[in-house]
Amino acid sequence: MVTDNRVTAAEFTATKHELPEAGRWHELHEGRVVLMQAPDDPHGTTVLNLSRALAKWFHSRVDENVGYACHEIGVKVSTDPDTVYCPAISFFDAGPPFGESDKTIADQVPRLVIDVASTNDRRQEMRRRSLGYIKLGVETIWIPDPYKKEIQVIRKKAHTLALGDWQTLEGSTTLPHFRIKVADVFAQPSWWTESAGRT
């Protein structure tokens, strides 16, 4: 806990970059600024692999203006007291292209949120976080777990899916024709394996 004083989302936005590490890994939970545990290598690998897959999907549909992704942008899920989560990746398909990219907290509701269940604090709070996203109006939530090698897929008014590493993650109506093997989401990049072998 960084401070015991409740602040609003606007105050959090105004002062976030003054926090340690320029505010990275800080969130706002019911008006209180919280420093989350810094993610580890499996978290980074997961985000890298999904980012690459999303970039390939965007490139394949470049003429369709399908939207864009933001990394670690704040998503305000409740008000008075304010709660702002910062998932690894948020996908937007409303408003002007890249309209949310330079913001600390998004004005638009993301259509897809990818929140990685890596550190203990994220894993323990994931149900609360997911409910917050759903209540806000997020259509789809992906929760990759680098340790279980599993991805939970949560959609409004649908059963939660738990996909194992032998299965395939599909974008459904949120990201039409997007597909990636779950195992590939958690796989170390070949360059990482090669460089480790040379040390």
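Visitor: What radius of gyration would a compact globule with 199 residues have, and what does the protein have?

Guide: This is a predicted model. For 199 residues, a compact globule would come out near 16 Å. The protein has 17 Å, which agrees with that expectation. Along its principal axes, the C-alpha trace spans about 45 × 45 × 30 Å.

Visitor: How many helices and strands does the protein have?

Guide: There are five helices and twelve strands. As for contacts between residues at least 6 apart in sequence, 57% join residues at least 24 apart.

Visitor: What share of the residues counts as buried?

Guide: A residue is called buried when its relative accessible area is under 20%. By that cut-off, 44% of the 199 residues are buried. The protein exposes about 11,000 Å², and carbon and sulfur atoms supply 50% of that area.

Visitor: How many positive and negative side chains are there?

Guide: The protein has 24 positive and 27 negative side chains. The centres of the two sets lie 5 Å apart.

Visitor: How many disulfides does the structure hold?

Guide: A disulfide is a covalent bond between the sulfur atoms of two cysteines. The structure holds zero disulfides. Cys70 is in none, and the nearest cysteine sulfur to it belongs to Cys86, 12 Å away.

Methods:
Residues are numbered from 1 along each chain as its sequence is written. This is a predicted model: local features need pLDDT of at least 70, side-chain atom pairs count only at pLDDT 80 or more; totals for chains, interfaces and linings use all residues. Side-chain values use heavy atoms; hydrogens and water are left out. Helices (H or I, at least four residues) and strands (E, at least two) are DSSP runs, numbered from the N terminus. The radius of gyration is taken over C-alpha atoms; the globule rule is 2.2 Å times the number of residues to the power 0.38. Buried means under 20% relative accessible area, exposed over 50%, partly exposed in between (1.4 Å probe, protein chains only). Contact means heavy atoms within 4.5 Å. Accessible areas come from the Shrake-Rupley method with a 1.4 Å probe; for residues, only the protein chains shown count as cover. Lys and Arg count as positive and Asp and Glu as negative; His and the chain ends are not counted. The place of a charge is taken as NZ of Lys, CZ of Arg, CG of Asp or CD of Glu. A disulfide is a pair of cysteine sulfur atoms within 2.5 Å.
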